[in-house]
Every structure is written in structure tokens, then in C-alpha cells.
Amino acid sequence: MSDEAGSSGRWKPKVNPWLIAATVALAAFMEVLDTSIANVALPHIAGDLGASTDQGTWVLTSYLVSNAIILPVGAWASSVIGRKNFFLLCITIFTAASFLCGIAPTLPILLISRVLQGVGGGGLQPMAQAIMADSFEEKKRGQAFALYGLVAVLAPSLGQTIGGWITDNYSWRWIFYINLPVGILAFFLVSRLVQDPPWIKADRANLRKLDYIGLGLLTVAMGGMQVMLDKGEENDWFASTFIRIFCFLFVAGMAGLIWWQWRAKNPIMNLRLFKYKNFAICCFLMILVGGVLNAATVLEPQFLQQLMGYTATRAGEALGGLALLVVMPLAGIATGRFPARNMAAFGFVCFAGAFYYTSTHFTLTMTFGFASWLRILQMFAIPFAFIAITTAAYVGLPKEASNQVSGIINFVRNVGGSIFIAVTGAIVTNRSLFHQARLQESMQPGNPAFVNRVNALTSYFGGSGKGPDPASWRELQFTSNSISRLLRRLIRTSTVCSVGWQWAWWCALSF
């Protein structure tokens, strides 16, 4: 396909840019969906492959680590084989690895396949975003990023619902098989519709220019961070030598990465972009957006399923965020008419109000309709913050840096999600222990209320009424454990809501 230029001399793709946006969004949706679709299937995967629950969590961790490492590599890979060819390569790797995941007979083979899947998926999000940025003129980028925002935000919400439905009705292997027709269709459409702009020129000589030291440091840092965050809670954090080792790897790797990237001639992550104040602020805000949204997406479905008895499909319907289908396009149009600064500030104010209201009304007595309404309030803020920040990140930067910008923006969003999920989990654990200790202080033989309750339980279960028999003590222990689990889950949901609204309010005030 030949390049075309508009009357202003700006390069324009030959194909309608909205067709290009829909095509690359399809591939990105497939990848983002896969980051959460396996969550609800972990018990089934572990049981089918003869692994423990703890071992099964590596199915998620292995994907996230490889995915995070590849995110910043897209700019270099595009300079070697071209952005379109790199995008096609990522689709091919991701689709083939999905098939290998589906047929995996053992857990080690599944983990290797997930690593390959993460490698392919790591290039899909940033390249899709960069292709959209270059295909649209600056005034219309907000509308294009509205479509990308639907992919980045709606897919994780749908992933758990789809994964639960497939696992319950078919087999966990089909959560990987469904990527095959989507991947084949995306490959065909990309090969026919997408083209590289003239400033992206493939040069095989750049193959020798890969920042191998930077890639190694990035691998150490991201691997250490992801394992530390994923396994920290179950290993009692820094009381565990295992966690301290990975914490050291993260800190040392990140410090070395920052030092090296400032000195390297061809850095894998162009940290010099952070000299642009606008870009640096956008990255920080994207960390917060990714963190709050991922933490809420992970914890709220657990609340509905474990405490309120919702099925995975029912919980997904309540938290599906279908309001985005209406608000996203409107926010995309508004971004072209109002300053991104004002749009982002408005988004964070909405975030603060929505999560504050949720933290005070997310209870066991709420109805399905009210739970859906709370989710609509949370989702309403996303388009304004997400689209404005993404659009503003490209302002003032050279067009040749679009691949680096998209890679770093997606990278920090994923890092923010990992951090917030781990932080809220740690707070939940600590507060659960605190409240459990308060309960145990009251469950003593010298407490009249405690003794009366035990005698009542004894009488109710057929005891003599003169004292607690073994059956009543077992019931008491069961009651204590149930209360502990209930407290843990209630604190978990209130924590992510309160942390979310406090961070959002602080960001809004900072504008």
C-alpha cells in the first residue's frame, strides 16, 4: 500500500483509520482479556494437572513477568523488522502459545507456554496504541484512544466472567483455545490493512544494537518485583528469606536499569523522555489509574461470589462496566474539545467521589441492581482520566518516539496494577489479624457473654447445658473461622475502595 499525505503534508494511512483502529484493538483485546481470564480457572487447572493451589498461581505470575519484560522492547523490535511485522509476529507467537497452553499435559509445560504467550502478548498493547496514535491526526486521537480504553479497561472485567463460564460449562483448556480464531482473524486483517509510516524504517543492522545489558537488568527487576508481590502475602513478606531475595533482585535490578539506561546510546527504555514534565506526570497518573482499577477488578468479584453467593457469570454481569460503551465515545469526543488537563482532573474527582461512595455502601445487604449501579459510578470516571492521560502523553514529543511512549505508558500501568493489588492484599491481611485478635480477646472463659454463648450453643446442639461439650467447641471454632473469613473479605473490599478514593482525591487536588 502506498502512503498518502493530506493537504497539510501530514502522512495518512491509505485505509480508513477507524478500520485500522478496530483491527489492532481486536488483537489488543485478545491479549488484555487473557491477563484475567485464567484467574477463576486456577483451581481447575491445578487440580487437573496434579498441582497445589500455590503452584497453580505461577500460571499467572509466569505470564505477567514475561509480558512486563517485553512491553518496552517494542521500539527496538520495530526498528529491526518494522512495526507492522513485529505486530504480526506477536500475534503469531501469542496464538501459537495459546494452543500450546490448551494442550499442555503437565504444569511445567503449561508454564513454559504461558511464558511464550506473555512474550507475544507483551508487544500487542503498546504497538496497537502506537499504531492508533500515528494513524489519527492529533485532534482525533482522543476518539481513537476511547476505543483503546474500552479494550484496556473492559477486557479485564469481562475476562473473569468469560473464564468462569467457560470453565463451568466446558473445560479450562477452552479459555486458551478461544484465542485461536481471534488470532487468525487479527493476523489476516493486520496484514491487509495496517501499514508503517515513513519514519519507521526497518534495518536489520539494528539487530546488533539491542541493549542486552538493559534487557537483562529489566528481566531481573521485573521478575523480582512480580514474584515478590505475588508471593509476599502467603510467605509473610520480609519475614521470609525467599521474599527478601527477590526484593533484593528487584531493587538492585531497578537501580542498575535506571543507571544504565541514562548512559546507553540505544536504551531499551528511553528514560530521557522523563525530562519532558508532561510525559513524566502522565506516567505517574497512569500508575494510579492502573492500580486502582486492577485492584478493584480483582477484589470486588471475590466479594460478590464468596460472600453474596453470586456465580462467576452473575458477578460479571454486575461488574461488567457496560456503561463504558456509552461513556467512552463521549469522552473521546470531549477530549478533542477540552484541555486534557481539565479532563484528567475531572476524571480523578469522579474517581474520588465514586470510590468514597462505594466504600460506605458496598455491603452484604445490597441488591444486584445496586451493585451494578456502584460499578457504573466507578466506570464513569475511567474514560475521562484514561483517555486524557494517554492523549497528553504524546504531546510535545517527537513522532519518532511514539513506540517508546506507548511501551512505557502500558508498562507503568501494568506495574501500578501489580503494586496496588499487592498493597491492598497486605493491608487486608494485617487488618484481618488485628480484628481476629480483638475477637480472641473476648473469647475467654472469664468473659460472661462468651460463657453464656457457649452454654447456649451447647443446649442448642443437644448438650446438657452445664458446660461446653466437644461439639459446641467445634461449632464455636467453626463460627470463629467463619467470622475471620468474613472480616478478611469485608476489609479487603473496603480497603481497595478507601485507598482508591483517597489517591484519586489527592491527584485531583494536585491539578
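Me: Which exposed residues does α11 carry on the face turned away from its buried side?
Reply: That face of α11 carries Pro-181, Ile-184 and Arg-192. Exposed means over 50% relative accessible area, buried under 20%, partly exposed in between (1.4 Å probe, protein chains only). This is a predicted model, where local features need pLDDT of at least 70, side-chain atom pairs count only at pLDDT 80 or more, and totals for chains, interfaces and linings use all residues. Residues are numbered from 1 along each chain as its sequence is written, and side-chain values use heavy atoms, with hydrogens and water left out.

Me: And which residues of α11 are buried?
Reply: Asn-179, Gly-183, Ala-186, Val-190 and Leu-193. Seen down the axis of α11, the buried residues fall within an arc of 120° (taken from the directions from the helix axis to the C-beta atoms), so they line one face of the helix.

Me: Why would residues three or four places apart point the same way?
Reply: Because an α-helix has 3.6 residues a turn.

Me: OK, cysteines. How many disulfides?
Reply: The structure holds 0 disulfides, a disulfide being a pair of cysteine sulfur atoms within 2.5 Å.

Me: Is Cys-101 buried or exposed? What about Cys-350?
Reply: Cys-101 is buried at a relative accessible area of 0%. Cys-350 is buried too, at 16%.

Me: New topic: at what angle do α12 and α13 pack?
Reply: About 145°, with the axes 7 Å apart. Axes are lines fitted to C-alpha atoms, for helices over the stretch in contact, and angles run from 0 to 180 degrees between N-to-C directions.

Methods:
Helix = DSSP H or I, 4+ residues; strand = E, 2+ residues; numbered from the N terminus.
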